[in-house]
Amino acid sequence: MPAYTAPLRDMRFVLYELHKGDAVAALPGFEEMTRDLVEPVLEEAAKLASEVLQPLNASGDLEGCHFENGVVRTPKGFKEAYETFKEGGWTGIACDPAYGGQGLPTSVNMLVEEMMSSANLSFGMYPGLTHGAYKAIHAHGTEELKAIYLPKMVDGTWGGTMNLTEPHCGTDLGLMRTKAVPQEDGSYKITGTKIFISSGEHDLTENIIHLVLAKIPDGPKGIKGISLFVVPKFLVKEDGSLGARNGAACGAIEHKMGIKASSTCVMNFDEAKGWLIGEEHKGMRAMFTMMNAARQGVAVQGLGVAEAAYQGAVAYAKERLQGRSLSGAKYPDKPADPLIVHPDIRRMLLTMRANIEGARALGAWVSQALDFQTNSPDAQARQDAEDLVAILTPVLKAHFTDIGFETANLGVQIFGGHGYIRDHGMEQLVRDARITQIYEGANGIQALDLVGRKMPAHAGRLLRQFFHPVSEFIAAHQNDEQLGPFVQNLAKSFGRLQQATLHIARVGMGKPDEAGAASYDYLKLFGLVATAFMWARMVQVALPLAGTAEDHDGFYKAKIGTARFFFDRMLPESGARLSAILAGGKSMMEFEDSAF
Ligand SMILES: Cc1cc2nc3c(=O)[nH]c(=O)nc-3n(C[C@H](O)[C@H](O)[C@H](O)COP(=O)(O)OP(=O)(O)OC[C@H]3O[C@@H](n4cnc5c(N)ncnc54)[C@H](O)[C@@H]3O)c2cc1C
């Protein structure tokens, strides 16, 4: 397995040099989150990731989870690692202090989540799902429900899950069959089968708090008739201790391609006792308020796996000796040159690196906006931040998870046959990364969300939250002596995005299939331009420092070098994306179903 060292230098750069993280510490509620406090948190998280979680990644994959008589055992070492995680307070770092959390800003938590995902994606699923369930109860539960469940979810004694998917309904939740029958005492009896439920059953926590979507009989049809319920594995007594076992049980675990140490369960609810969260039939609305955070969490999983693959590939490319440089031996004292001298290997490494650093910068920008959305005292600033988060979330989810899979794949390519066999751990990263493109709304659905919901929302108001800062930056810097050429390149691709936006708005209005056909290329074009904006801004920060005494480790020089590769070799893809969009959807939609 490749060793993992958290990229703390780059994380500090995006947080404090690029995005001015100190501004977050000026927000009410985050006053204590100064750099002095945040840096040690990141350093401790880095240690936990490389010393506790990463050593279990390959063994967890090999062993997987065990299922016997309704009980799920996680792989060897996971229980102990979870105890360390819990004892260290990591389960509650981004939770409300009112329930025992540490109230860390999302922008810092995102970096911690990246480290966990790089080290051990499967392990991260357990606290990750708990955090999703915590957020739903926190945002929509009654004070009573919050008091019963949140403190123990925050301190990690209890876990959590999200139960949406059923055998016949994944994307189309309107088809849901799970029923919730109201009882006289105000509770509901929940009956139905859910599949693919992450952390549905396991041995890490004393209780598991399931959040379940179900339909109350005689409610509105389809998606408008769905409600959200909290259904604990063990009922909780008035004094907070555990009572009888509820009618919620794991029927089987899935045998799957990757994240094998994460239990993916079939959950049978048999008249299980549950309590409504939020209003009847408004379950989807409750889910949607958490969707941005959950989708960003999955985006970060993609980024985390990409970083792990990059680190493995760089180490191997420097050490593996094969062939000679095309321009003559670079290491004549050795029997051959290391892989890193070859242009094609450098192409792959720089593609990985430019995608990762660009994504980290973009993710940090959006997660900082989330902090303003939740904690700014200024209503307009909150709205602006919410708009930016809304437009960029589908882009992050799909683009970063595509990057995760593609980067893991390039990692295997750099290892050659040694990447395809198990020993080096590179093939596991490909298998693990693959699910991130599917769950929490498959990537094609993210593209539809961007084009069908976010783009037209409020007459384009969300789009403007992204377009305006990019336009202003271009206007201010396109003629700068050193930064100018980068910005001119950004301007060219931004023009393509604007052209694509107008085209889709025009043709999509009367022909929804045209908008659907353009949606994925549009999302990728959006991701490229947003990343280019980040790269231009990173160059702006790096230019005055590159080559100075402050650049003793060559960090800023390498930033500019990576930016050059991105603008020269990767951003031209924006032209191809625009061409595909303008070509329209006829070639796919007029193709006869029977001819497939
Ligand atoms: C390992 C794992 C863990 C999971 N964890 C959870 C969990 O914790 N909780 C939970 O509830 N679920 C979970 N899921 C389920 C996951 O969220 C679903 O698999 C996903 O939402 C897709 O649903 P589906 O598999 O039924 O695919 P389908 O909905 O059948 O979709 C199949 C394909 O068709 C595309 N498609 C569908 N509808 C449209 C459309 N209208 N337009 C264009 N394209 C469309 C999709 O993008 C997808 O590519 C998990 C799944 C896995 C494999």
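Select helices α10 and α11: their crossing is left-handed (the near helix is turned anticlockwise from the far one by less than a right angle; clockwise would be right-handed). This is a predicted model, where local features need pLDDT of at least 70 and side-chain atom pairs count only at pLDDT 80 or more, while totals for chains, interfaces and linings use all residues. Residues are numbered from 1 along each chain as its sequence is written.

Stay on the pair. α10 spans residues 343-375 and α11 spans residues 379-415. Helices here are DSSP runs of H or I, at least four residues, and strands are runs of E, at least two, numbered from the N terminus. The two axes come within 8 Å and cross at roughly 155 degrees (lines fitted to C-alpha atoms over the stretch in contact, with angles from 0 to 180 degrees between N-to-C directions). Therefore α10 is roughly antiparallel to α11, a term for angles over 145 degrees.

Next, select the ligand. Around the ligand sit 19 residues, and L164, G170, T171, S198 and A442 are the closest (C-beta atom, placed from the backbone, within 6 Å). Colour β3 (158-163), β5 (188-198) and α14 (443-454): each supplies at least two residues of this shell.

Now go to G29, in the loop between α2 (22-25) and α3 (35-53). G29 counts as partly exposed because it has 16 C-beta neighbours inside 10 Å; 20 or more would be buried, 12 or fewer exposed, with C-beta atoms placed from the backbone. Last, show G103: its C-alpha atom is 7.9 Å from that of G29, though the two are 74 residues apart along the chain.

Methods
Angles under 35 degrees count as roughly parallel, over 145 as roughly antiparallel, 65 to 115 as roughly perpendicular and the rest as oblique.
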